[in-house]
Amino acid sequence: MLMANPATLRKLVKRYEALRSAHARLGTSESGRHLEDVSYTLCVTTGTRTVPDALIAAETQLRAVPSAGPPAAPPAAPAALAEVELTA
């Protein structure tokens, strides 16, 4: 089974939940289109055909990933590179 990028998957699930809530409140064709779009993307990303299956697959995949702490700081640039002056 192909595993989606965890950060991407989390964003998709959050976006789906937000759009589902917005569509329940608004019920417009535009909110429906946005919900359909994210639902399709969530299904494709998880390799499923239905939203309930996609949400289960996303939950399963995300549980398999160790929770990440704060992002690591990027490595410091070597002192020689830090002193280089850029000119246009």
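This is a predicted model: local features need pLDDT of at least 70, side-chain atom pairs count only at pLDDT 80 or more; totals for chains, interfaces and linings use all residues.
# Reading a helical chain

Trainee: What do buried and exposed mean here?

Mentor: Buried means under 20% relative accessible area, exposed over 50%, and partly exposed in between, with a 1.4 Å probe and protein chains only. In α3, the buried residues are Val51, Ala54, Ala57, Ala58, Gln61 and Leu62. Seen down the helix axis, these residues fall within an arc of 125 degrees, so they line one face of α3. The arc is that of the directions from the helix axis to the C-beta atoms.

Trainee: What covers the buried residues of α3?

Mentor: The cover includes α1 and α2.

Trainee: How are helices assigned, and how many does the chain have?

Mentor: Helices (H or I, at least four residues) and strands (E, at least two) are DSSP runs, numbered from the N terminus. The chain has four helices and zero strands. From the N terminus on, the order is α-α-α-α.

Trainee: What span should α1 and α3 have, at 1.5 Å a residue?

Mentor: The expected span is 1.5 Å times one less than the number of residues. For the 21 residues of α1 that gives 30 Å, and the end C-alpha atoms are 30 Å apart, which agrees. The 13 residues of α3 should span 18 Å, and their end C-alpha atoms are 18 Å apart, which agrees too.

Trainee: What caps the N-terminal end of α1?

Mentor: Look for a polar contact (a pair of N or O atoms within 3.5 Å; within protein, one must be able to donate a hydrogen and the other to accept it, and residues adjacent in sequence count only if both atoms are side-chain atoms). Asn5 is the cap: a side-chain oxygen lies 2.8 Å from the backbone nitrogen of Ala7. Just after α1, Gly27 takes a positive phi of about 65 degrees.

Trainee: How do I read a nonpolar core, and which residues touch the most other members?

Mentor: In soluble globular proteins, nonpolar side chains tend to be buried together. A nonpolar core is a set of buried Ala, Val, Leu, Ile, Met, Phe, Trp, Tyr and Cys residues joined through side-chain atoms within 4.5 Å. The largest one has 14 residues; Leu9, Tyr16, Leu35, Val38 and Leu42 touch the most other members. At least two residues of this core come from each of α1 (6–26), α2 (29–46) and α3 (51–63). The largest share, five residues, is from α1.

Trainee: Which residues of α1 are buried?

Mentor: Leu9, Leu12, Val13, Tyr16, Leu19 and Ala22 are. What covers them includes α2 and α3.

Trainee: Where is Tyr16, and which residues is Tyr16 in contact with?

Mentor: Contact means heavy atoms within 4.5 Å. Tyr16 sits in α1 and counts as buried at 10% relative accessibility. Leaving aside neighbours within four places in sequence, Tyr16 is in contact with Leu35, Val38, Ser39, Leu42, Val51 and Leu55. Now take the Ser39 pairing: 23 residues apart in sequence, 6.6 Å apart C-alpha to C-alpha.

Trainee: What about Ser39, buried or exposed?

Mentor: Ser39, in α2, counts as buried at 12% relative accessibility. A polar atom of its side chain lies 2.7 Å from the backbone oxygen of Leu35. Beyond four places in sequence, Ser39 is in contact with Tyr16 and Val51.

Trainee: Which residues does Val13 touch?

Mentor: Not counting residues up to four places away in sequence, Val13 touches Leu42, Leu55 and Ala58. Val13 is in α1 and counts as buried at 15% relative accessibility. Its C-alpha is 9.1 Å from that of Glu59, 46 residues apart along the chain.

Trainee: And what does the side chain of Thr46 join?

Mentor: Thr46 is in α2 and counts as buried at 3% relative accessibility. A polar contact of 2.9 Å joins its side chain to that of Thr48.

Trainee: What share of the chain counts as buried?

Mentor: Of its 88 residues, 24% count as buried. Among contacts with a separation of 6 or more, 52% are between residues 24 or more positions apart.

Note on methods
Residues are numbered from 1 along each chain as its sequence is written. Side-chain values use heavy atoms; hydrogens and water are left out.
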